[in-house]
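Grab a pencil and open the structure beside you. Below are a few exercises, each followed by a worked solution.

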Amino acid sequence: MLLKRLLITCLLVVSLYLAFPPFAYAYLDPGTGSYVFQLLIAGLVGLGFLIKVYWSRIKLFLTRLFSKGGTVDGQVHGDDEDK
Amino acid sequence: MMPSRQHTEIPGSFRDPSGVVFLQDGVVYRQINQAYGEEYDRLMTSGLYERLVQDGLLIPHTEEGLRHAISQNAYQVIRPEQVPFVSYPYEWCFSQIKDAALLTLEIQVKALDFDMSLKDCSAYNVQFVKGKPVFIDTLSFERYREGQPWVAYRQFCQHFLAPLALMSHVDVRLHQLLRVYVDGIPLDLASRLLPGRTRTNFGLLSHVHLHAKAQTRFADESVSSRSRKVRRMAFLGLVDSLRSAVDKLVWKPGGTEWHNYYDISNYSDVAVEHKKHLVAQMLGEITPTPASVWDLGANVGLYSRIAGGMGIPTVSFDIDPAAVEKNYLESVAQAETNVLPLVLDLTNPSPGIGWENKERASLLDRGPADAVLALALIHHLAISNNLPFRKVARFFSRVCRALIIEFVPKSDSQVQKLLSSREDIFAEYNQTNFEAAFSEFFTIQSREPITDTDRGLYLMTR
């Protein structure tokens, strides 16, 4: 679990560093860095937030999907109850 | 409209052109300038003001009209509920800063529900009133336009997240950096001070470390901005991510000098009870009844609660952030409304800081208090800090009208402890000299010995 988190974090570091191309148009105040960074990070955490908000729906969708045609403990379950 | 009666502008509000805070006949008012009129009306008519006040998040106010206006460009003058004592983030303990941070984010989320947003996120916009943090800057709200980024993002990170991260991961005393950096701790500094392991924490990695890197990288570059948008869901995600980062930061008091003082002090239960009784009695003798009490060297606030219990707004100062943390958590747990615990080094009290040294007031400028409690304090000032009685007495005469002070003689085991590690150069330290020095500035009204100790309690008035 920790390793997974670490990997995700490292990946994030790399992806964010790569995501800083040198733009060059209008001049901004000293908060420029914060502004640019916010655009990047808000997109990322916004996606996470979207998943969080809709997680119960996603879970329900996956559960239904899984219980209809999936397998549990290696056994094929029928869908008689749904009929 | 004619500008009205005499007033004093309160330094600290001048950065915001939306309005001005001023003092008139001892009452704090806030003038809303015409330039902010539309936004103010939006706050008031959208339902946001009502909702925030109902939830205890925003200071309530009444509209006073233009009779109190201090300039021609006034749109409205409001009288906010008065804050008994204005405190600053470098005087707050860890949980106070954390609660103030969470309050600010909660307000931002609620504001978005009403299509409004916070245009700044200064920690100075929060004050502790009746035991709870409350947002005091009624003019911080602006209309939210779909796609606009959060202009206060950097300020939130500098004023709240960076100090909390440093207090939690490095040393709780680092909130003192806020006294040096009036607009919050620079993120590059916070990033350098934080241990490497904080880079595995998503919130700190992104909002402090990478944020600091981005600031450096783009410091003198130009960027294209207009086409870039932050969608509402991303905005909410950003606020939620900050909330989560703040929520995860913890600090447990322990390992400091005073937080277990009452376990290691030389008081018997009988002495503590008698001292409590005497403090209550002397507070009751002060006429008129004090409207404010400062308990200096309050530790975890045992005696502050006596004054607080009498309905007197009491500021409970101590140098030890652990004691103040315990004091605050106790005040929250008991839902107390009259005790405000704060961190303060009495030998180096908060100075005036910011523009012209006036933006944030010094401790002395926020006084005097009607009464001061100085219990089990004199030996620390006179012996640990080599302060002559006369200087101590003069200081107290500047911060209060009535003083309840405990004299701790050399024979006391706590004083003996202090003397065990230093040469006794304190020949003047005795009760006679104590009384003589304080009599220069105060009239001694009563003196009572504390049962089961060599100590005595004095009530003095100016």
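**Exercise 1.** Find where helix α4 (residues 153-169) of chain B has its kink, and work out how far the helix is covered.

*Solution.* Step 1: go to B:L161, where α4(B) has a kink of about 35 degrees. The bend at a residue is the angle between axes fitted to the seven residues ending there and the seven starting there.

Two quick notes before you go on. This is a predicted model, where local features need pLDDT of at least 70 and side-chain atom pairs count only at pLDDT 80 or more, while totals for chains, interfaces and linings use all residues. Residues are numbered from 1 along each chain as its sequence is written, and chains are lettered from A and ligands numbered from 1 in the order in which they are written.

**Exercise 2.** In what order do the seven strands of the open sheet in chain B lie, and which stand at the edges?

*Solution.* Step 1: trace the order β12-β11-β10-β13-β14-β16-β15, with mixed pairing. Strands here are DSSP runs (E, at least two residues), and helices are H or I runs of at least four, numbered from the N terminus. Two strands pair if DSSP finds at least two bridges between them. Step 2: β12 (339-343) and β15 (443-449) each have a single partner strand, so one side of each is left without a neighbour in the sheet.

**Exercise 3.** Which strands pair with β14 (residues 400-407) of chain B, and is β14(B) largely enclosed or open?

*Solution.* Step 1: β13 (residues 369-374) of chain B runs parallel to β14(B), joined by five bridges; B:V372 has B:L403 as its bridge partner. Step 2: β16 (residues 456-461) of chain B pairs with β14(B) in the antiparallel sense over six bridges, and here B:L403 stands opposite B:M460. Step 3: count the covered residues. Seven of the eight residues of β14(B) are buried, so the strand is largely enclosed by the rest of the structure.

**Exercise 4.** How does β15(B) run relative to β16(B)?

*Solution.* Step 1: the two strands are antiparallel and joined by six bridges. Step 2: for one of the pairs, find B:R447, whose bridge partner in β16(B) is B:Y458.

Conventions: Buried ≥ 20, exposed ≤ 12 C-beta atoms within 10 Å, placed from the backbone.
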